[in-house]
Amino acid sequence: AVALLYFFACFGTVYSCFWQGKMLFDARFEVPSDVVHWTMEIMFLCWLAMATVHIRPVSVMAINGPGENQEMFCFCLANLLGSFMYMLLSFEVGFIWVKGQEAVARFNGRTNLLIDSMSFAFTLSATIYSGWKHFWGDSVGGEDHVAIWILLAGWLARPFTMMFSLFWRGMYLKDVDQKKMSVPMNIDFVIHRYGEWMMLMLGESILSLVIVDKLDSVGYTGHHSVFLRGVICAIMLQLLYFTSQPHTKEHHAFRRSRAAGICFGFVNQFYSAALILVGVSWKLMLLEYTDKYSQNEGYETGDKIRFLGQDDYTLVRRSRIAKLFCYGLSAVYLTLDILNLTHTGISASIDKFRVKDNNRLRVIGLAIVVFLRYCTVAAVLAGGYYLETGGFSPTLIAVVGIVSVLLQVFLRYLGKTYFHEKDAGHHPASNHGSHGSAPDAVGVENTSKGLSVWGMPFVLPPKQRQKWGDDYSLPHVDWGDLFFDLFYVGAAYNLGTNIKYDIHDDPLLALLYFVGVLGAIFSSFWSTKMLFDARFELPNDFLHRAVEIMHLVFLAFATLYIRPNKYMGNCGEHREMFGFCLANVLGSLTYLFLNAEIGFVWVDGQKAAEFNARTEVMHQSLCLILKVAAAVYSGLQYFGSEDKLDNVPIYLLLAGWLCVQPLMLFTHWFRGLWKKQVDFKSFTVPMNVHFVIRRIGEWMMLMLGESILSLVIVDNIAKDNDRKYYLVFFSGVLGVIFLQILYFESQPHDASHHAMRRSRLGGITFNFLVQIYSAALILVGVSYKMMLTEFKSDDYHRTIRFLAAEEGSDGHEEQDKHWRTIPKLFCYSLAATFVTLDLINLSHSGVAAAVHRCFSETTMMAVKAIVVVVLSRYCIVVGVVVISYFIPEGYSHYIALLGFGAVALQVGIRLLQTMCFHDKVKRSSL
């Protein structure tokens, strides 16, 4: 009960003080691009990072006594400052100035300020109380939960305050036009933000699945069984949510009524919390198969996870896992149905079950939508009680979860078919609309007409996204793409963990595995999918949905098998390399199959689509040969009798990645040499460059997200290292923020200025440099993690974060190697980000255009360009590299501060460049 109290209070407080406050403000107002508001946004992100890093276990946050309750005090203070930031913005709108309908905006700003003040008062009370306990409290000891109760009250009071405001308007201002008191909300923006939020909550399940400690030697079968069911369950939960939610503002709760919108926002928080509990349950199930927690006698002394209780043995431990999982999953189903009710309303939902002609009940529809669905919920609850009393294995618990989710999805499709509803959502890997064969479609005739599964066509031809001469338009946001990207957050984190523990022994070998694994998983999955989706659109049919779900499963297994070198490099003893290679082979085969379908079977598009797809089949086949060779070699090693370290598979994977760009360049050169007289538009499909820009931008946010995870997910610090820790932490947070600004300020946001539009050669170069830049960003994030772990506490009860596990730490914590490695790794990787970013910018403009830009004006302009753009920028790069050799032992934490200074100087030089060349500033969204 205490654990759930802290869970809901911390979750609700961070949600309401940061995410919800920002979303509701941004849905009505737009913050201008000026220094003051930029500074406020940066401070807002710093307070959010501070609140996140101080979310600790109950045993830490509830400590009572002077100097002991720092975590609770810092958490409350960060939330207080975060909510104060957007109260300042509401005050600015309500009392100072605003651009728009001034009278209406002022009234709305003052109302928001009043509502926020109520929650602010609770947070302030919790901050004062925890601060008093921390600085001047008695030394009685024990646990004190007063502050967390105050935070919980402040979170729960917010929706009631909003309802009271609505009631007051209806009672006392009913004769006043509501449009004179409220600024309209951009509901499309709200739908988009809530969709992204749900992806974050599902992402917690993905991270819980793919980031796990070393497996027990006899636990692979059980682990993989639970893992596979967990991945499919997460995919189906994503499908269940987005197919049940409206994606147009006309059918959303925020458009139906203000009260419905408030209820939707409140219930959404419980749905999100339930998703987190389900994700935690998957993590706990998988932990049963790790070396530490697979012993029948239970945890050893000092290895107990306080989240589950005190001295729990295997039977009790697994019983509590079953209870947490089944109750959390039941809450997901119930709150999702309540969310759907907020969109339609209770009366409209009841009318749905009556026949319009004679007002009789639709018994079949009532049975499908209500009875069978809630029988599933009841069965899950009963399963939780039965499994709790029996202490069954995690495999059986996972079976209950996957069966219930599949039943819920099946009943959803049956209900949709019965009531002849349009699908409100998008399937897990695409944002596809329905379409048939166009008049110029090529390939075989659509023979699947009439053949369907649960009202869904069994198979339809892929569709060409756009044709030569068409206007470029950015496709709608694809929730499936965002879900697909979640696996790469886990992949980047696993890669960073590998570097953290392998860089000390053999740096070159560690970097070889790092680059080889990143290149393989990027080219086999993300790059291939992005380039395909930029040209073609998969139909909304059963077969292609199944193919994309399989693609996600293969990606999940590839991410899972990213392990340190001592596992991946020993093919004879460990299966990690074989599993990783096999997953990459299967992932590559998935899109090879889709390109073969377009090239040799059918496509809804022009004849050029066939030629383009066959060219892609040739490219992918040649790279696939090397990946197959790596899988066969590592498989022979694993199933054979040899037991030795062998790096042949990683060299094959590295070659398979590096051959992609030369093959593209060769094809480009071959076409130019032998087909000069042939119109290239007749054998290639245009790429939607707007789509590519958005996807590359989302990819960069994933890579920066790895740095954020490295900063906020660290074991707690020793008390005597507070200042050093916070110096590294805030320098890292500010450094990542400015790296994000630096990248997005320097990149074109219009297709006409992008490398993909300039030339095919420019696009190929850009695609390759993006991968190098991404690797450098991951290494920067790893460096921050290594700096922060220098200050961690040795107290076990303060070091129990799942993603902060010390796998592979045997013999790696030799201090002499550690402090010498961190400065070099950080400075080299940061210098690499600066250099590769300049090369990426050159790929957009071209070398000739860049030189012409410097010397096209007067001689003074050329001098200014050379000094500002070249000398000053590369003086910083050289300085960052050189300074890594002069950091004495014990001062490595200053590296983070110097790194932030270098990034800030690069941003400043970027602004000077804008002034020199009169560039138009492209504001990045913080």
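Is arginine 614 buried, partly exposed or exposed? Arginine 614 is partly exposed, because its relative accessible area is 38%, and buried would need under 20% while exposed would need over 50%. The notes below start from the whole protein and return to this residue in point 5. The model is a predicted one.

1. Overall make-up. The protein has 926 residues, and 59% of them count as buried. Its secondary structure consists of 30 helices and 6 strands. Take the contacts between residues at least 6 apart in sequence: 86% of these join residues at least 24 apart.

2. In soluble globular proteins, nonpolar side chains tend to be buried together. Here the largest nonpolar core has 249 residues, and Phe483, Tyr488 and Phe580 are the ones with the most contacts inside it. Helix α10, residues 258–287, gives the most to this core, with 17 residues. Apart from this core lies another, of 11 residues, including Val547, Ile598, Val603 and Val685.

3. Tyrosine 488. This residue is one of those with the most contacts inside the largest core. What does tyrosine 488 contact, once neighbours within four places in sequence are left aside? Its partners are Ile521, Phe522, Phe525, Trp526, Leu555, Trp699 and Leu702.

4. A buried salt bridge. The structure holds 15 salt bridges. In one of them, the side chains of lysine 529 and aspartate 533 meet at 3.0 Å, N to O. Both lysine 529 and aspartate 533 are buried. They are separated by about one helical turn, because they are 4 residues apart in helix α16, residues 507–533. The pair also belongs to a network of salt bridges that links Asp481, Asp485, Lys529, Asp533, Arg694, Arg695 and Glu698.

5. Glutamate 610 and its two partners. The side chain of glutamate 610 meets that of lysine 607 in a salt bridge of 3.0 Å, N to O. The side chain of glutamate 610 also meets that of arginine 614 in a salt bridge, at 3.7 Å, N to O. Glutamate 610 and arginine 614 both lie in helix α20, residues 608–639, and are 4 residues apart, about one turn of the helix. Lysine 607 counts as exposed because its relative accessibility is 57%. Arginine 614, at 38%, is partly exposed.

6. Helices α19 and α20. Two packed helices are described by the angle between their axes and the distance between the axes. Helix α19, residues 576–600, packs with α20 at an angle of about 160 degrees, and the axes are 8 Å apart. An angle over 145 degrees counts as roughly antiparallel, so α19 and α20 are roughly antiparallel to each other. Their crossing is left-handed.

7. Helices α1 and α4. The axes of helix α1, residues 2–26, and helix α4, residues 70–96, come within 10 Å and cross at roughly 20 degrees. That makes α1 roughly parallel to α4, because angles under 35 degrees count as roughly parallel. The crossing of α1 past α4 is left-handed. Residues in α1 that meet α4 include Tyr6, Cys10, Val14 and Phe25, and those of α4 that meet α1 include Met72, Phe75, Leu89 and Val93.

8. Phenylalanine 25. This residue is found in helix α1. Is phenylalanine 25 buried or exposed? Phenylalanine 25 counts as buried because its relative accessibility is 8%. Not counting residues up to four places away in sequence, phenylalanine 25 touches Val31, Tyr86, Leu89, Ser90 and Val93. Phenylalanine 25 and methionine 87 are 62 residues apart in sequence, while their C-alpha atoms are 9.9 Å apart in space.

9. Phenylalanine 44. Helix α2, residues 35–53, contains phenylalanine 44. Phenylalanine 44 is buried, because its relative accessible area is 6%. Leaving out residues up to four places away in sequence, phenylalanine 44 touches Cys17, Phe18, Lys22, Gly82, Met85 and Tyr86. Of these, Cys17, Phe18 and Lys22 are among the α1 residues that meet α4, and Gly82 and Tyr86 are among the α4 residues that meet α1. Phenylalanine 44 and asparagine 79 are 35 residues apart in sequence and 9.8 Å apart in space, C-alpha to C-alpha.

How values were computed:
Residues numbered from 1 in each chain as written. Predicted model: local features only at pLDDT ≥ 70, side-chain atom pairs only at ≥ 80, totals over all residues. Heavy atoms only, no water. Core = buried A, V, L, I, M, F, W, Y, C linked by side-chain atoms within 4.5 Å. Buried < 20%, exposed > 50% of the residue type's maximum accessible area, 1.4 Å probe, protein only. Helix = DSSP H or I, 4+ residues; strand = E, 2+ residues; numbered from the N terminus. Contact = heavy atoms within 4.5 Å. Salt bridge = Lys/Arg side-chain N within 4 Å of Asp/Glu carboxyl O. Axes fitted to C-alpha atoms, helices over the stretch in contact; angles between N-to-C directions. Parallel < 35°, antiparallel > 145°, perpendicular 65-115°, else oblique. Left-handed = near helix turned anticlockwise from the far one by under 90°.
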